[in-house]
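Me: Please take me through this model by question and answer. Keep it brisk.

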Amino acid sequence: MKILILGSGGREYSIARAISKEKEGHELFFMPGNGATNSLGTNVDIKDYNELAKFAKNNGIDLTIVGPEAPLVDGVVDIFKEHGLTIFGPSKKAAQLEGSKVYMKNFLAKYNIPTARYIETASIEDAFRFADTLSAPIVVKADGLCGGKGVIIAQNHNEAKVAISEMLSGKSFGDAGKKVIVEEFLDGYELSMFAVCDGDDYILLPAAQDHKRLKDNDEGPNTGGMGAYAPTPLVNEELYQKVKDRIIRPTLDGMKKEGAPFEGVLFIGIMVVNGEPITLEFNVRFGDPECEILMPLMVSSVSDMFYKAATNRLGEIKVEFSKQYAVGVVMASSNYPYSSSTPAEIIVDNVHHEDIEKYTHISYAGVSMVDGVLYADGGRVLICVGLGDTIKEARDRAYLRCGQVHFAGKKLRTDIAYQAL
């Protein structure tokens with residue numbers, strides 16, 4: 001197949017890397033891609049979705065896979081379908097599950113899907129009043145897209161009120177914060193679960209755990225994610241079944257009733273409280289960096305899974321996963337997540353160790369290529385992924401690979417997967 005992947009991060013690189021290993025010899029295109037994706041395919045620069053759809057049609061693209069949330073919320077899937085193209089991802093209407101936290105919370109309430117107590121409002125008085133009924137910590141969320149940073153966990157009532165005020169005034173997140181959600185804080189452990197959906201059917205992937213905080217011991221500010229591992233031993237068959245019965249199935253049935261059948265990746269942020277799964281949030285695409293550790297665990301065809309999901313035929317396939325574990329460690333630039341960083345040359349040592357050669361790899365994200373030299377451009381630069389028969393073995397290999405990557409100001413956590421170990 002000819003496959004077009006939208007996005008420029010490690011998530012898109014890892015999807016492409018998995019597809020490029022398939023024996024069929026697919027031809028890959030990226031919009032816009034990054035400085036390393038051109039080693040896997042062809043980068044194109046066409047920002048207008050109608051023009052991009054024409055490019056896809058003229059070049060015989062068989063399947064388009066959308067990585068990030070913004071094009072989905074903007075309706076890229078609807079545009080491609082109008083052009084008669086096969087595309088993996090939810091419609092603009094279905095993408096509201098991530099595009100609007102208010103829509104999502106009201107959807108959960110309507111279809112009796114377990115979630116935290118909350119209020120959604122544009123009124124500062126109502127938000128303050130509801131916050132006063134909760135015990136600290138208190139969660140405050142901006143309604144719209146904030147690049148994964150629109151959630152504040154306030155440690156006391158005063159902090160919560162400052163967060164509410166700054167969001168509703170537009171100071172924190174502009175228009176994305178013009179409506180807020182204030183909700184109770186759930187005390188448990190967090191999981192990331194991903195269901196690949198075709199509107200009717202779904203395939204649930206192994207559960208992962210992400211590490212959001214910048215520093216070891218979960219300290220420092222929230223980031224887009226500093227590392228992840230899968231599958232997590234914190235999930236058993238009973239918990240998977242509860243998630244399927246109480247969250248995924250009612251969501252797919254509910255979205256059909258709403259006239260917006262859900263196709264694409266449903267990312268469920270779950271808090272497990274006393275053995276019960278509670279829905280924290282939905283996203284409508286793969287998490288990053290979770291995608292980078294799930295892709296190498298797939299034994300069956302990645303491209304076939306996406307294609308069958310995009311053509312409402314998931315029931316025809318069986319998706320298989322390896323029995324191994326994967327651990328991914330993000331290497332970020334010096335000023336992340338506070339501000340941009342000066343580009344720095346990336347030097348990767350030659351690998352002489354057979355284990356490292358066989359069981360680790362790098363997925364590139366925030367990088368550019370200038371005159372054949374790879375540069376760290378800022379943000380999350382790359383992720384070193386290790387595979388192993390135990391989480392410890394996978395983690396040790398991932399960190400060995402990290403030791404072979406050098407650029408000025410590199411920043412990483414040293415405790416990824418500590419919850420499981």
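Predicted model: local features only at pLDDT ≥ 70, side-chain atom pairs only at ≥ 80, totals over all residues.

**A strand pair and some salt bridges**

Me: Is Glu263 buried or exposed?
Reply: Buried means under 20% relative accessible area, exposed over 50%, partly exposed in between (1.4 Å probe, protein chains only). Glu263 has 18% relative accessibility, so Glu263 counts as buried.

Me: Which side chain makes a polar contact of 2.7 Å with that of Glu263?
Reply: A polar contact is a pair of N or O atoms within 3.5 Å; within protein, one must be able to donate a hydrogen and the other to accept it, and residues adjacent in sequence count only if both atoms are side-chain atoms. Glu263 touches residues including Gly89, Pro90 and Cys197, not counting residues up to four places away in sequence (contact: heavy atoms within 4.5 Å). The polar partner at 2.7 Å is Lys81.

Me: In β17, which residue is the bridge partner of Val273?
Reply: Strands β16 (residues 263–273) and β17 run antiparallel, joined by seven bridges. Two strands pair if DSSP finds at least two bridges between them. The hairpin has two residues between the strands, and Asn274 takes a positive phi near 50°. The partner of Val273 is Glu276.

Me: How many of the eight residues of β17 are buried?
Reply: Strand β17 spans residues 276–283. The strand is mostly covered, and the buried count is six.

Me: How far apart in sequence are the parts that Asp355 and Arg397 tie together?
Reply: A salt bridge is a side-chain nitrogen of Lys or Arg within 4 Å of a carboxyl oxygen of Asp or Glu. Asp355 forms one with Arg397, the closest N and O atoms being 3.0 Å apart. Asp355 lies in helix α12 and Arg397 in helix α13, so the pair ties together parts separated by 42 residues.

Me: How many salt bridges does the structure hold?
Reply: One network joins Glu238, Lys242, Arg246 and Glu276 through shared partners. Another salt bridge links Arg11 and Glu12 at 2.7 Å between the closest N and O atoms. The structure's total is 28.

Methods: Residues numbered from 1 in each chain as written. Heavy atoms only, no water. Helix = DSSP H or I, 4+ residues; strand = E, 2+ residues; numbered from the N terminus.
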